[in-house]
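Trainee: I have not seen this structure before. Please walk me through it.

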Amino acid sequence: MKVLQAAHPAVLLVYFLAVTLVAMFVWNPAIQLLALAGGAGYAFLIRKRGELKGDLAFYLLLFLLIAVTNPLFSHNGVTPLFFLNGNPVTKEAIVYGVAIAGMMLSVLLWCRCYSRIMTSDKFLFLFGKAIPRLSLVLSMALRFIPLFRRQMKRVGRAQKTMGLYASGGYVDRVRGGLRVFSALITWSLENAMDTAASMKARGYGLKGRSHFALFRFDRRDALLLLVSGLLLLLTLCGVGAGLTDFSFYPTIGELRRSPAAYLTYGTYGALSFLPFILEIEENLKWTYYRSKA
């Protein structure tokens, strides 16, 4: 069971915005490492079967690509390690590239967790009244990629069954891929038109239209929102006080090691690992109760 799935959509939106925005805009190696570890741990717990191997390969390739690209194009820094085509590859550029790659991966992981937990019905519940058309478009966009992938597999299996590209040659695979892509474009346009017609027939976006939702803000949601807000506030206080300031150029700076800085790192670490801790706690409870049954 995914614990956060039972939380109120407003609480989920506040939490994911808090942890992701701090990871994006606070350029500190400790903060970025905590965001990456927390996002990776939670994404691992809520993953689907068979996704781990493909996800690891994709994220590792992306990390290496970003980390290697920066020192090849940016030559800032005062510590050259070697020269490539007459241009210096500096230690500062390499460290900065690794930091950018870590930040990108952490944001992607948290966005992946968000897309798993924050379903389209929750998004429509939050913004359906305020911005009905935009919320419908965004909810369709959020669910488009997984639907597109599933439909691509269906079309590909159907065409293989029909024997349309079974020779295994490169040209044949390209033709098969183009046929699948053409079918997917047609399907996506038809699906968008059907969804728009269906929502219009139901009176979506009309003034005075009633809304039904199963989401209720209860005591557990209030506690989760309070804890998340308190941890975010303490983290932002540390950021505002300069406890997380860190420089990559022209030389690599040092992390602050004062008690207040450790408190800032600890509060953001608790915020980042909060879903992971809740999920582990729930799994332990289920294991205990099942052992007693």
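Trainee: What should I know about the model itself?

Mentor: It is a predicted model, so local features need pLDDT of at least 70 and side-chain atom pairs count only at pLDDT 80 or more, while totals for chains, interfaces and linings use all residues. Residues are numbered from 1 along each chain as its sequence is written, and side-chain values use heavy atoms, leaving out hydrogens and water.

Trainee: Is V19 buried or exposed?

Mentor: Buried means under 20% relative accessible area, exposed means over 50%, and partly exposed is in between, with a 1.4 Å probe and protein chains only. V19 has 0% relative accessibility, so V19 counts as buried.

Trainee: Which residues is V19 in contact with, leaving aside its neighbours within four places in sequence?

Mentor: Contact means heavy atoms within 4.5 Å. With those neighbours set aside, the contacts of V19 are W110, Y268, L271 and S272.

Trainee: How far apart in space are V19 and G39?

Mentor: In sequence, 20 residues separate them. From C-alpha to C-alpha, the distance is 9.3 Å.

Trainee: What is the secondary structure of the chain?

Mentor: Along the sequence the pattern runs α-α-α-β-β-α-α-α-α-α-α-α. That comes to ten helices and two strands.

Trainee: What share of the chain's residues counts as buried?

Mentor: The chain has 293 residues. The buried share is 36%.

Trainee: How many aromatic pairs does the whole structure have?

Mentor: Rings of Phe, Tyr and Trp (its six-membered ring) pair if their centres lie within 6.5 Å; planes under 30 degrees apart are stacked, over 60 edge-to-face, and the rest tilted. A search of the whole structure finds ten.

Trainee: Why is the pair F58 and Y59 edge-to-face?

Mentor: The ring centres of F58 and Y59 are 5.3 Å apart. Their planes meet at 65°, so the pair is edge-to-face. F58 is partly exposed at 47% relative accessibility, whereas Y59 is buried at 13%.

Trainee: What is the angle between the planes of F273 and F276?

Mentor: This pair is edge-to-face, with 6.2 Å centre to centre. F273 is partly exposed at 25% relative accessibility, and F276 is partly exposed at 26%. The angle between the planes is 85°.

Trainee: Which residues do ring pairs link into a cluster?

Mentor: The cluster is built from ring pairs. Its members are W27, Y96, F246, F248 and Y249.

Technical notes
Helix = DSSP H or I, 4+ residues; strand = E, 2+ residues; numbered from the N terminus.
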